[in-house]
Amino acid sequence: MAAPLVKTKTPGIYKRGNRYVVRYRLRGGEERKRFAATYAEARDLKAALQADIRRGEHRETARASFEDYAREWIDTYAGRTTRGFRESTRVGYRRTIEQDTPFFAKRAPLLAEIEPQDIRAYIAWLFDEKAQGRKLAVGTVRQHVAAVRALLATAVGDGLLRHNPAAGARISRPGAPTLEQDAAEQRRALDTDELGRFLDACDPDWQLFFELLAMTGVRISEAIELRWKDVDLGAKRLRVRRQCFKGTVAEPKSRSGKRDIPLSTAMAQRLWQLHGAPDELVFTGPLGGRVDRDWLWRNILKPAARTAGVPWAGFHTFRHTAASLLFQGGKNIKQVQEWLGHSDPGLTLRTYVHLIDDGLGDADFLDAAVGATLRATRTAETSATLSPTTAAKTAR
């Protein structure tokens, strides 16, 4: 929560924590705010702003730093649509901005100094394995840039910038282009043999966890927040009502995300043997707390995946595996959509159409179906040209 604004002796100047906020209005009545480190600086800033407004030239004079504005923005940002802004997203944005502020503090400390070339340098910095200490995925870089783009868009709305330097930023890994996987490859599922090898190679303490992922299709964020009150062993149902993302517990993103998933008899029996108190987590980490997905990835999933000969497997692979098993079991698009918690059956179809194509089979059944129709039609036509006695003999 942001610290409250405290009035000072000067109208329009407030103190918030150890800094000052100058609030003022443009000629059209729209309110703006600026920040200052000291009371004297705030008074000078207010005087300069008033002079600009009187002259009709209101120019933001590059005094707002990226760091100061970011600190204020992350506490108050409400999104850019009427749907609002999820607190779990705010947590992710806060972490991103805090990680990336040193880059801007060094290269372009003031908001008005940030130009498109700085954003390009920022993207290159994110892709730099040495600077980051690891290789960031393209999707991760997109998330970082999305947070900064939203911040700068708000600054434009506040009158601190004339344009958003990140608006047209293109995100691609530097160097020679690499061959991208096709959509089906990106959504690759484990076949039954691969799943069996993975479970055999997995730490026995975690086999049930990954079996549950493969059989229910729950997301990793949903699995680590499952509590025993969410497991209805009598009805053999798993109730998904919450998810934990980056330490923040929230409801699923859509109403479809709240769902009841069938459990097999064998899975229900295995869970019954471990059943705990209603509010206890179904799965816990080595120290008894909530599972750390990074720890689980590094110490359990990846070693088992390498041993099983499926080094490409990740948490989402088990969700795709569940979809594959559901289609093999004869479930239709609508049923798979509800099982996985997709908001739109079209999304399910677009995501898993390659699995449906794989199950087309042969067309021999059409011979019988179409052949019977043709024979019936021909018999009727023949009967119309024969006498009743002859027609009866022909039909026999």
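Is glutamate 211 buried or exposed? Glutamate 211 is buried, at a relative accessible area of 19%, where buried means under 20% relative accessible area, exposed means over 50%, and partly exposed lies in between, using a 1.4 Å probe and protein chains only. Welcome to a short tour of the chain around that residue and beyond. This is a predicted model, in which local features need pLDDT of at least 70 and side-chain atom pairs count only at pLDDT 80 or more, while totals for chains, interfaces and linings use all residues. Residues are numbered from 1 along each chain as its sequence is written, and side-chain values use heavy atoms, with hydrogens and water left out.

**The chain as a whole**

- The protein chain has 17 helices and nine strands; helices (H or I, at least four residues) and strands (E, at least two) are DSSP runs, numbered from the N terminus.
- Of the 396 residues in the protein chain, 39% count as buried.
- Contact means heavy atoms within 4.5 Å; among contacts in the protein chain between residues at least 6 apart in sequence, 56% join residues at least 24 apart.

**The four-stranded sheet**

- Four strands make an open sheet in the order E1-E2-E3-E4, with antiparallel pairing; two strands pair if DSSP finds at least two bridges between them.
- Strand E1 (6-7) and E4 are the edge strands, and each pairs on one side only.
- E1 and E2 are joined in the antiparallel sense over two bridges, with lysine 7 opposite tyrosine 14 in E2.
- The hairpin of E1 and E2 has five residues between the strands, and glycine 12 in its turn has a positive phi of about 90°.
- E2 and E3 pair in the antiparallel sense over four bridges; arginine 16 has arginine 19 in E3 as its bridge partner.
- The hairpin of E2 and E3 has two residues between the strands, and glycine 17 in its turn has a positive phi of about 65°.

- Helix H2 (residues 66-76) has Phe66, Tyr69, Ala70, Glu72, Trp73 and Ile74 buried.

**Helices H4 and H6**

- Helix H4 (residues 116-127) packs with H6 at an angle of about 150°, and their axes are 10 Å apart; axes are lines fitted to C-alpha atoms, for helices over the stretch in contact, and angles run from 0 to 180 degrees between N-to-C directions.
- H4 and H6 are therefore roughly antiparallel to each other, since angles over 145 degrees count as roughly antiparallel, under 35 as roughly parallel, 65 to 115 as roughly perpendicular and the rest as oblique.
- From H4, the contact is made by Ile119, Tyr122, Ile123, Leu126 and Phe127, and from H6 by Val138, Val141, His144, Val145, Val148 and Leu152.
- By class, the contact of H4 with H6 has 10 nonpolar, one polar and no charged residues; Ala, Val, Leu, Ile, Met, Phe, Trp, Tyr, Cys and Pro count as nonpolar, Asp, Glu, Lys and Arg as charged, and the others, Gly among them, as polar.

- Glutamate 211 sits in helix H9 (residues 207-216).
- Neighbours within four places in sequence aside, glutamate 211 is in contact with Leu199, Met267 and Arg270.
- Cysteine 202 belongs to the loop between helix H8 (192-201) and H9, and it counts as buried at 3% relative accessibility.
- Neighbours within four places in sequence aside, cysteine 202 is in contact with Gln207, Phe210, Ile300 and Ala304.
- Cysteine 202 and alanine 308 are 106 residues apart along the chain, and their C-alpha atoms are separated by 8.8 Å.

- Three strands form an open sheet in the order E5-E6-E9, with antiparallel pairing.
- E5 and strand E9 (259-262) are at the edges, each with a single partner strand, so one side of each has no neighbour in the sheet.
- E6 and E9 pair in the antiparallel sense over four bridges, and arginine 237 stands opposite proline 262 in E9.
- Lysine 236 is placed in the loop between strand E5 (231-232) and strand E6 (237-240).
- Phi of lysine 236 is near 55°, a positive value in a residue other than glycine, and lysine 236 counts as partly exposed at 30% relative accessibility.
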